[in-house]
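I opened my notebook today to look through one structure, piece by piece. Here is what I looked up, in the order I got to it.

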Amino acid sequence: MNICQCNPFVRAAMIQPAILEGNGFRYAYDHRVFFVLENEGVLITEEGESELSADDLVFIPPSVGYYFRGRIKVAVLNFDMGRLCEKRKDPICPPPIELFQKELLFMDERVDGLDGVHIIHTDAIWRSKVTEIVEVFDAYDDVKDAQSSAMLKSLLALLYQRLYLPKENEGLLARKVESYIRLNSAQISSNNDLADIFGYHPVYLSELYKKQFGISLHKAIVLSRIELACRWLMQTDQSVEEIAFATGFSSRNHFCTVFRREKGITPHKYRKASRI
């Protein structure tokens with residue numbers, strides 16, 4: 001399935017105090033994400049060994065052999081990419097290959113591009129996203145189930161973007177977004193608009209923009225609207241209310257509040273000062 005089509009069902013989410021050394025491959029019945037919180041260790045898969053340290057994220061699809069060496073504290077997420085087996089809420093401990101029963105697989109459908117083992121080094125933002133899923137998770141509570149599902153999809157989208165967007169293109173993408181905001185801020189209603197236009201997940205796009213320019217997408221849109229309003233206050237005789245709506249604000253009061261917060265002066269006084 002495409003990354004946009006996945007609707008994860010989180011079966012388990014927990015902090016595991018320490019993963020001890022394994023002595024052979026084990027095969028999970030659903031997808032796994034391991035996020036290393038503390039210490040160092042080694043992940044062994046059928047493709048070889050990979051060293052792990054704090055803030056490493058490991059993605060493992062079902063029926064793939066793996067085990068760990070070392071006492072590493074991890075956050076663990078067990079999940080399916082869809083809701084087909086959401087009534088099977090209890091996780092199954094990964095058995096060794098000789099005890100693995102393929103018929104017990106929860107749902108083997110995978111996201112295109114996330115059909116193998118992936119290991120990436122992340123940062124505090126990723127750590128907070130993973131631990132927040134653990135804190136929210138409750139498969140027996142419909143609201144928390146929906147929250148953890150949405151949060152995990154956001155995390156998987158970030159992983160997908162991290163894997164398939166070359167780093168040398170990140171700065172170019174951020175500059176394209178900045179230019180689009182500067183020219184179209186009055187018509188942009190939310191981060192989702194930009195995500196649809198540029199073809200990336202809104203969370204990923206916002207974090208990429210903040211890394212490049214130091215402010216969030218939302219803040220960038222607001223500042224661009226304020227600068228546009230300043231030009232219109234100086235160059236036209238439109239009323240403050242007309243300018244508020246024309247620059248994308250929902251009301252005159254909201255516009256005046258934001259304008260004063262950013263400029264330290266009301267729109268009326270700004271216009272008066274600019275024409276002295």
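**Entry 1: the five-strand sheet**

I started with an open sheet of 5 strands, and I read its order as E1-E8-E3-E6-E9, with antiparallel pairing. I noted that the edge strands are E1 (9–19) and E9 (118–121), each pairing on one side only. The twist averages 15° from one strand to the next. A reminder to myself before going on: this is a predicted model.

I then zoomed in on one pair. Strand E3 (residues 31–38) and strand E6 (residues 56–60) run antiparallel, and 4 bridges join them. Which residue of E6 stands opposite Phe-35? I found Leu-57 there. I also jotted down some background: strands of a sheet pair through backbone hydrogen bonds, either parallel or antiparallel.

**Entry 2: helices across that sheet**

Helix H1 (residues 124–136) lies across E1, E3, E6, E8 (72–80) and E9. Its direction is at about 120° to E3. Helix H2 (residues 142–164) lies across E1, E6, E8 and E9, and I wrote down about 85° for its angle to E9.

While on H2, I picked out Ser-149, which sits in that helix. Is Ser-149 buried or exposed? I get 6% relative accessibility, so Ser-149 counts as buried, the cut-off being under 20%. Leaving aside neighbours within four places in sequence, Ser-149 is in contact with Asn-7, Pro-8, Val-10 and Arg-83.

**Entry 3: the four-strand sheet**

I came across another open sheet, with 4 strands in the order E2-E7-E4-E5 and antiparallel pairing. Its edge strands are E2 (26–27) and E5 (48–52), and each pairs on one side only. I followed E4 and E5, which run antiparallel and are joined by 5 bridges. For Val-42, I found that the bridge partner in E5 is Glu-51.

**Entry 4: two loop residues with positive phi**

I checked backbone angles in the loops. Asn-39 has a phi near 75°, which is positive even though the residue is not a glycine. Where is Asn-39? I located Asn-39 in the loop between E3 and strand E4 (41–45). With a relative accessible area of 44%, Asn-39 is partly exposed.

Ser-63 also went on my list, with a positive phi of about 55° in a residue that is not a glycine. I found Ser-63 in the loop between E6 and strand E7 (65–69). Ser-63 has 27% relative accessibility, so it counts as partly exposed.

**Entry 5: helix pairs**

Two packed helices are described by the angle between their axes and the distance between the axes. I used that for two pairs.

Helix H3 (residues 170–184) and helix H5 (residues 202–213) pack at about 95°, with axes 9 Å apart. H3 and H5 are therefore roughly perpendicular to each other, since angles of 65 to 115 degrees get that label. The contact residues I noted include Leu-173, Val-177 and Ile-181 of H3, and Leu-205, Leu-208 and Phe-213 of H5.

Helix H6 (residues 217–235) packs against H9 at an angle of about 55°, with the axes 9 Å apart. That makes H6 oblique to H9. I read the crossing of H6 and H9 as right-handed. From H6, the contact uses Cys-230, Trp-232, Leu-233 and Met-234, and from H9 it uses Pro-267, Tyr-270, Arg-271 and Ser-274.

**Entry 6: a closer look at Arg-271**

I stayed with Arg-271, which is in helix H9 (residues 267–274). Why does Arg-271 count as buried? Its relative accessible area is 15%, so Arg-271 falls under the 20% cut-off.

Leaving aside neighbours within four places in sequence, Arg-271 is in contact with Trp-232, Leu-233, Thr-236, Asp-237, Gln-238, Ser-239 and Ile-243. I then looked at the polar side of this. The side chain of Arg-271 reaches the backbone oxygen of Thr-236 at 3.1 Å. A polar atom of that side chain also lies 2.7 Å from the backbone oxygen of Gln-238.

Technical notes
Residues numbered from 1 in each chain as written. Predicted model: local features only at pLDDT ≥ 70, side-chain atom pairs only at ≥ 80, totals over all residues. Heavy atoms only, no water. Pairing = 2+ DSSP bridges. Axes fitted to C-alpha atoms, helices over the stretch in contact; angles between N-to-C directions. Contact = heavy atoms within 4.5 Å. Buried < 20%, exposed > 50% of the residue type's maximum accessible area, 1.4 Å probe, protein only. Polar contact = N/O pair within 3.5 Å; in protein donor to acceptor, adjacent residues only side chain to side chain. Parallel < 35°, antiparallel > 145°, perpendicular 65-115°, else oblique. Left-handed = near helix turned anticlockwise from the far one by under 90°.
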